[in-house]
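Dear colleague,

Please find below the structure I promised to hand over, with its sequence. My notes on what was found in it follow directly after.

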Amino acid sequence: MSKLLRLKMTTFNDKSFSEILDSIMFDITNVAQLADQSFFNLIMEMFKLVGGFIRLVLISWKLSIFILMFAAIKYVIIGIITTKKDKMFDMFLENVGKTGEWVGGMINGIQEIKLWNLYKKQEEIYSHLTKNKMDLDKKGCSF
């Protein structure tokens, strides 16, 4: 209700009551279907996982222990890789932010750059920023 009250008056003037209500019902139905499907898929995947493990234990308990160890090792490796990738992505975002700040500052200060002949200084800063981006690209952080 609070979302409905926050709509602009033009929305109420441009659309009829039935159009607004239809839009609300459509959104609610889509969200409910998405939640139902996701929950159902989660339950089905859990049953498949448990059923597969029980079948594996019945076939060979040694093989099931090996698979559990392999899954644990895989989980740890994926965690390490994800952490490293997150750090690299943060560095990438920081680099993009610095580059954006530099471009904004350069455009805002273009008169001073020309007046004081700071072309070389600005080129050095840009070269440093692009070198950092290329280093991140070499590490596999090209987005």
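N95 has a relative accessibility of 8% and therefore counts as buried, the cut-off for that class being under 20%. Please bear in mind that the model is predicted. N95 belongs to helix α4, which spans residues 61-108. Its side chain comes to 3.4 Å from the backbone oxygen of L129. Leaving aside residues up to four places away in sequence, N95 touches L129, N132, K133 and L136.

I then turned to the charged side chains, where the structure holds 3 salt bridges.

In helix α4, K98 and E94 lie 4 residues apart, about one turn of the helix, and their side chains form a salt bridge at 3.3 Å, N to O. K98 is partly exposed, at 43% relative accessible area, and E94 is partly exposed as well, at 47%.

Helix α3 (residues 17-59) contains K48 and E45, which are 3 residues apart. Their side chains are joined by a salt bridge of 3.7 Å, N to O. Here K48 is exposed, with a relative accessible area of 51%, whereas E45 is partly exposed at 47%.

In helix α6 (residues 119-138), D135 and K131 are placed 4 residues apart, again about one turn of the helix. The salt bridge between their side chains has an N to O distance of 3.2 Å. D135 is partly exposed, at 28% relative accessible area, and K131 is likewise partly exposed, at 46%.

With kind regards

Conventions
Residues are numbered from 1 along each chain as its sequence is written. This is a predicted model: local features need pLDDT of at least 70, side-chain atom pairs count only at pLDDT 80 or more; totals for chains, interfaces and linings use all residues. Side-chain values use heavy atoms; hydrogens and water are left out. Helices (H or I, at least four residues) and strands (E, at least two) are DSSP runs, numbered from the N terminus. Buried means under 20% relative accessible area, exposed over 50%, partly exposed in between (1.4 Å probe, protein chains only). A polar contact is a pair of N or O atoms within 3.5 Å; within protein, one must be able to donate a hydrogen and the other to accept it, and residues adjacent in sequence count only if both atoms are side-chain atoms. Contact means heavy atoms within 4.5 Å. A salt bridge is a side-chain nitrogen of Lys or Arg within 4 Å of a carboxyl oxygen of Asp or Glu.
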